[in-house]
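Please open the model in a viewer and keep the selection tool at hand.

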Amino acid sequence: MPEMPEVETVRKGLVQLVKNKTIHSIEIRYPNIIEGNTELFLEILSGAKLINIRRRAKFLIFDFDNEYSMISHLRMEGKYQVRDNVENFDKHVHVIFHFTDKTMLGYRDVRKFGRMKLVKTSELNKDKSLQKLGPEPLSDDFVFDNIYPRITKHKKNIKTVLLDQTVISGLGNIYVDEVLWMSKIHPETSAVMLTNSEIKKIINSSNKEIKTAIEAGGTTIRSYVDSRGKSGQFQLQLNVYGRQGEPCERCGVKIEKIKVGGRGTHFCPNCQKLVK
Ligand SMILES: [Zn+2]
């Protein structure tokens, strides 16, 4: 599943490749990708100019010049591809935006889990999927006074709490493992037990991790490739994720893999001791 840094890389690629283009027509080959009325989707977007592409957590937001925005979530393995010949899209491309300059943007999704939805730009903040998202790393509201109460009101383990996008958004399974290793916190620690200093470490580590990952273009897990066909270069820098059995970079003790809240979880049993 693309994580937030990958989605940011996709966004940057799309800004370079399709910003300021005008939609001539749209081809919908698999209507279930579109949430809501497909006819309306076609009608409102035909002739619209794409003026910006933003991101909130893992949602891409395409802003058009007609006061509408398209919210797009790639889910498991959705991708955008830019081509100048429709024959260069394979059978897994389900939505094609044809621009007036004859180039086209295709949405490819083998598993068909991704979704697109059209909303009024002025009503984006009322959209349920965006509204419930917690603050994300590197944003203005990702600060101690805001994050401390959000995390410590939970009795669940910190791994599960950090994965909950309504508490904080943008950290997926890979980054939560990395952040907890950097912060020297055992993934099964109850969130309510965390100290001020531990929450500060989580905040700083999250910012650092996401910043590094964005600069590197995201991780390369599964079939993720950005819109220009370039793979992320970040996977070599992971400290615990996928490194079970290998020595910890900090202390040399073997990284372990366990299940926490149903998710595969990597940690160093020496650096990240469980405090009860
Ligand atoms: Zn260690």
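A residue is called buried when its relative accessible area is under 20%. By that criterion, both Y80 and Y107 are buried. The model on display is a predicted one.

**First stop: Y80 and Y107.** Kindly select these two tyrosines. The structure holds 4 aromatic pairs, and a pair of aromatic rings is described by the distance of the centres and the angle of the planes. The ring centres of Y80 and Y107 lie 5.2 Å apart with the planes at 55°, so this pair is tilted. Y80 belongs to strand β6 (residues 79-83) and Y107 to strand β8 (residues 104-108), so the pair ties together parts that are 27 residues apart in sequence.

**Second stop: F41 and F97.** The next selection comprises two phenylalanines, F41 and F97, both of which are buried. Their ring centres are 6.5 Å apart and their planes stand at 50°, so this pair is tilted. F41 is found in helix α2 (residues 38-45), while F97 is found in strand β7 (residues 93-99), so the pair ties together parts that are 56 residues apart in sequence.

Which residue lies over the face of F144? Selecting F144 together with K200 shows the answer: K200 lies over that face, at 5.1 Å from the ring centre. Finally, select W181 and R250. The charged end of R250 sits over the ring of W181, at a distance of 3.8 Å from its centre.

Definitions and conventions
Residues are numbered from 1 along each chain as its sequence is written. This is a predicted model: local features need pLDDT of at least 70, side-chain atom pairs count only at pLDDT 80 or more; totals for chains, interfaces and linings use all residues. Side-chain values use heavy atoms; hydrogens and water are left out. Rings of Phe, Tyr and Trp (its six-membered ring) pair if their centres lie within 6.5 Å; planes under 30 degrees apart count as stacked, over 60 as edge-to-face and the rest as tilted. Helices (H or I, at least four residues) and strands (E, at least two) are DSSP runs, numbered from the N terminus. Buried means under 20% relative accessible area, exposed over 50%, partly exposed in between (1.4 Å probe, protein chains only). A charge sits over a ring if NZ of Lys or CZ of Arg is within 6 Å of the ring centre and within 35 degrees of the ring normal.
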